[in-house]
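Today I went looking for open space in this protein. My notes follow the model below.

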Amino acid sequence: MNHENIFNLVDQYFDEERSGRNNESRVDFFNSYNELFVLTEDGSYSINSKEINNKIETLHTSTGAISESFEKFIKAVKFDYAKDIAILDICAGLGYNTSAAIGNFIKNSDNTNLKVDMVEISKATLACGLLVPSPIKEHDITKKAIENELIKSNYARLSLEQSEIPDNIEINVYIEDARQCIQKLKSKSYDAIFLDPFSQNMSPELFSVDLFKEFKRVIKDDGIIATYTSSAPVRAAFIEAGFYIGLGPIFGRKQGGTLASPNPSMLDTSLLKNDEIRIALSDVGIPFRDPNLSNSSEDILNKRQEERHNARHNTKISSAVKTPIFLGDEVSDKKLKRRVERNLAKMNITSTTSKEAFYILEAEKDYTQKQYAKNNSRIRIINLAKKLEEVKNGNHGAI
């Protein structure tokens, strides 16, 4: 059996359930095809994606699917459980992020309400959330909400989930493209957005500046967006959309994810200094664009590639050999030094230790790991880019 068969089999199973030809427990499906599910290290299950843009990914880190939900999303945001909470769960998948949020809410809240809007384009993926064993008891609550929507949309027929959704918890499941769904949501509605798509090369449409502008519209002023990725174009897109950004938790990967908020005081930790420099100065920091929120992923990827090509040596330093991170340093490797300084020369920077290089780096002179209202990753990245533009255009005076 190949990786795609799980979705074909799930569709077939629920087709038989709808027709009345299969009234067996869904547990039987998991027991029969459990080799198609991916067991992660914390004992929770994930699944592999369909092939998208010639790539296949697992929905969660191998370190632990449900653990990832708690570490990268729940712990990353600053919920005030004394108030009502509203969450937008983008690419809800098997429902783990929502389940983790429910678990923490039940544990910490007192006479408050929780609303979660789950958005997932794939019915079969949501259905897999019904089929996997629940990694925590709150996943049974999420399963009930998923089952209700799959029955409503005529994908499932049987009401087999026994858990009841508590009166103070509202779960809405939207089975559609997140780009279209978000345009119908109310402004300033959410305390947190969980952004959990596949990687940027598989789903660039879910990481675009234009989608993030919609996030800016629907999130509250003190809200936080959490995503697992440390990608430069994604972080650049947040900045262009008007967000402050910070370093998210490290779990199952070498680098931390990304947090974004309209309010800098909601973010504690700066991005790494070299990440700020690369986002601001090199073409790797060119974001994804989807002006009408309807372009194909292939078109978005191709247009970004074209924009990178046009920016290289014109408005941005070439990202080849990570050129910008050598600013301010002596490069001992002669071959590397030639490549780096050739790239810099095209931007009117004579060497890594030239006065132009140090002028640009002035934006980083007050770098601190802790973020402040007037000294943070967003401000430094914008100032770095401004100084590069001045150097390239010869508008930096006598430095």
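I started with the second largest pocket, which holds about 400 Å³ of space. For me a pocket is an open set of points on a 1 Å grid over the protein atoms alone, where a 1.4 Å probe fits, with protein on both sides within 12 Å along at least five of seven lines; lining residues have an atom within 4 Å of a point. The volume is the space filled by probe spheres set on the points, joined across faces, edges and corners.

This is a predicted model, where local features need pLDDT of at least 70 and side-chain atom pairs count only at pLDDT 80 or more, while totals for linings use all residues. I number residues from 1 along each chain as its sequence is written.

Which residues are closest to the centre of the second largest pocket? I found Ser 230, Ser 231, Ala 232, Gln 255 and Arg 278, out of 19 lining residues. Helix H10 (273-281) and helix H9 (232-240) each supply at least two of the lining residues, and H10 gives the most, with four. Helices here are DSSP runs (H or I, at least four residues). I sorted this lining into six nonpolar, seven polar and six charged residues.

Next I turned to the largest pocket, with about 780 Å³ of space. Its lining has 40 residues, and nearest the centre I noted Cys 91, Glu 120, Pro 197, Phe 198 and Ser 203. Helix H4 (96-108) and helix H7 (178-182) are the elements giving two or more residues to this lining. I also saw that domain 1 (6-269) and domain 2 (295-393) each contribute at least three residues to the lining of the largest pocket; the bounds come from an automatic or database domain assignment.

Note on methods. Heavy atoms only, no water. Nonpolar A, V, L, I, M, F, W, Y, C, P; charged D, E, K, R; others polar.
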